[in-house]
Amino acid sequence: SEYWVKATSLLHTDTTGKDLSDPANVRFYLISGMQHGGGSNSSGVCQQVQNPTNPDAVLRALFVALDAWVVDGVAPPKSMVPRAGDGTGVFATVTPESLTGVVSQTALGWPTIPGATYNGLITTRYALDWGRSFKEGIISNLPTRFEAKAAYPIFVSKVDADGNEVAGVRLPPVAAPVATLTGWGLRRAGFGENDGCEGAGQSIPFKVTKAERVASGDPRLSLEERYTTHEGYVAAVAGAAKKLEAERFLLPEDAQRYVDQARASNVLR
């Protein structure tokens with residue numbers, strides 16, 4: 001969510017939008033397709049059901065990696081974030097007159113999903129004039145002023161054909177998905193319709209069969225087309241979980257938990 005509502009790309013770029021090298025003692029990780037905080041299965045004031053993706057399994061693995069880094073000098077997994085230089089970062093454009101930012105649907109790769117609105121709305125951050133002495137810790141312009149309404153360049157992760165983010169740590173619900181999972185959401189009618197839904201994301205499920213998908217005009221493959229059978233889905237989740245375990249983004253017991261949950265699910269049963 002924070003790439004959409006908090007301009008998080010500024011953590012690892014300069015003020016012109018160019019990638020910065022990570023400090024030697026720092027790593028950055030985007031948990032792909034996750035809203036702010038823990039997951040939710042309600043829609044609230046948003047248009048879609050919010051995103052249930054839970055980060056706890058990744059956090060457990062990264063705490064173990066952090067301990068090994070500090071105590072034993074074993075380097076943690078490399079940073080996993082969208083980058084301007086490798087094409088995974090999609091820049092927002094800003095209209096100075098309205099002070100709004102928009103991420104182009106075409107540039108992002110967002111599919112046109114029936115019943116799901118996309119307007120590309122993104123929070124922007126502006127260069128503020130706090131006065132000539134600000135570098136010395138003295139604020140002489142208060143309230144502050146925009147410097148010719150200049151916005152910092154910010155970007156988000158490009159998405160795949162399903163609308164799921166390609167950059168970051170892709171947990172099994174993103175790597176072997178049953179829905180499009182986003183970190184951004186929009187408000188529904190009566191609650192500032194089509195404004196940003198704060199830190200809420202979205203979970204937009206796939207159709208079960210090809211016939212249902214074609215009838216609805218949904219461009220995303222159905223569960224049937226992706227996995228054929230329930231066993232095929234379990235195998236896809238297992239492959240994604242084992243890959244993350246090998247990369248040290250999941251502990252073995254958490255990787256197995258994803259497999260057990262997939263096996264117990266009703267996907268294609």
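**Salt bridges**

I began with the charged pairs and counted 11 salt bridges. I kept in mind that this is a predicted model.

I looked up Glu198 and found its side chain in a salt bridge with that of Arg187, at 3.2 Å from N to O. Both Glu198 and Arg187 sit in the loop between S8 and S9, 11 residues apart. Glu198 itself is exposed, with a relative accessible area of 53%.

Next I took Arg213 and Glu225. Their side chains also form a salt bridge, 2.7 Å from N to O. Arg213 belongs to helix H5 (residues 210–216) and Glu225 to helix H6 (residues 223–227), so this pair ties together parts 12 residues apart in sequence. How covered is each partner? Arg213 has 13% relative accessibility, so I noted Arg213 as buried. Glu225 has a relative accessible area of 27% and is partly exposed.

I then turned to Arg220. Arg220 makes a salt bridge with Asp218, and the closest N and O atoms are 2.7 Å apart. I found Arg220 buried, and Asp218 buried as well. I also noted a network: salt bridges with shared partners join Arg60, Asp254 and Arg257.

**Disulfide**

How many disulfides are there? I counted one. I reminded myself that a disulfide is a covalent bond between the sulfur atoms of two cysteines. Here the cysteines are Cys46 and Cys197, with sulfur atoms 2.0 Å apart. The angle about the S-S bond is -85 degrees, and the link is left-handed.

Which parts does the pair tie together? Cys46 lies in the loop between helix H1 (2–5) and helix H2 (56–72), while Cys197 lies in the loop between strand S8 (179–182) and strand S9 (202–205), so the bond joins parts 151 residues apart in sequence. I checked cover too: Cys46 and Cys197 are buried.

**A sheet of three strands**

I traced an open sheet with the order S2-S3-S4 and antiparallel pairing. Strand S2 (93–95) and strand S4 (121–122) are at the edges with a single partner strand each, so one side of each has no neighbour in the sheet. I looked at one pairing in detail. S2 and strand S3 (residues 100–102) run antiparallel over three bridges. Within this pairing, Val94 stands opposite Gly101 in S3.

**Single residues**

I picked Pro153, which is in the loop between strand S6 (145–151) and strand S7 (155–157). Is Pro153 buried, partly exposed or exposed? Its relative accessibility is 23%, so Pro153 counts as partly exposed. I listed what Pro153 touches beyond four places in sequence: Ser9, Leu10, Thr15, Thr16, Gly17 and Phe91. I also took the distance to Asp14. Pro153 and Asp14 are 139 residues apart in sequence, and their C-alpha atoms are 8.9 Å apart in space.

My next stop was Ser203, in strand S9. Ser203 is buried, at 17% relative accessibility. Which residues is Ser203 in contact with, leaving aside neighbours within four places in sequence? I noted Val49, Gln50, Asn51, Pro52, Ala179, Thr180 and Leu181.

**A surface patch**

Leu59, Phe63, Leu66, Val70 and Val71 make a nonpolar patch of about 500 Å². I followed up one of them, Leu66. Leu66 is in helix H2. With a relative accessible area of 39%, Leu66 is partly exposed.

Terms used
Residues numbered from 1 in each chain as written. Predicted model: local features only at pLDDT ≥ 70, side-chain atom pairs only at ≥ 80, totals over all residues. Heavy atoms only, no water. Disulfide = S-S within 2.5 Å. Helix = DSSP H or I, 4+ residues; strand = E, 2+ residues; numbered from the N terminus. Buried < 20%, exposed > 50% of the residue type's maximum accessible area, 1.4 Å probe, protein only. Pairing = 2+ DSSP bridges. Contact = heavy atoms within 4.5 Å. Patch = residues over 30% accessible without salt bridge, like charges linked within 9 Å, V, L, I, M, F, W, Y side chains within 5 Å. Areas by Shrake-Rupley, 256 points an atom, 1.4 Å probe, with all protein chains shown as cover. Salt bridge = Lys/Arg side-chain N within 4 Å of Asp/Glu carboxyl O.
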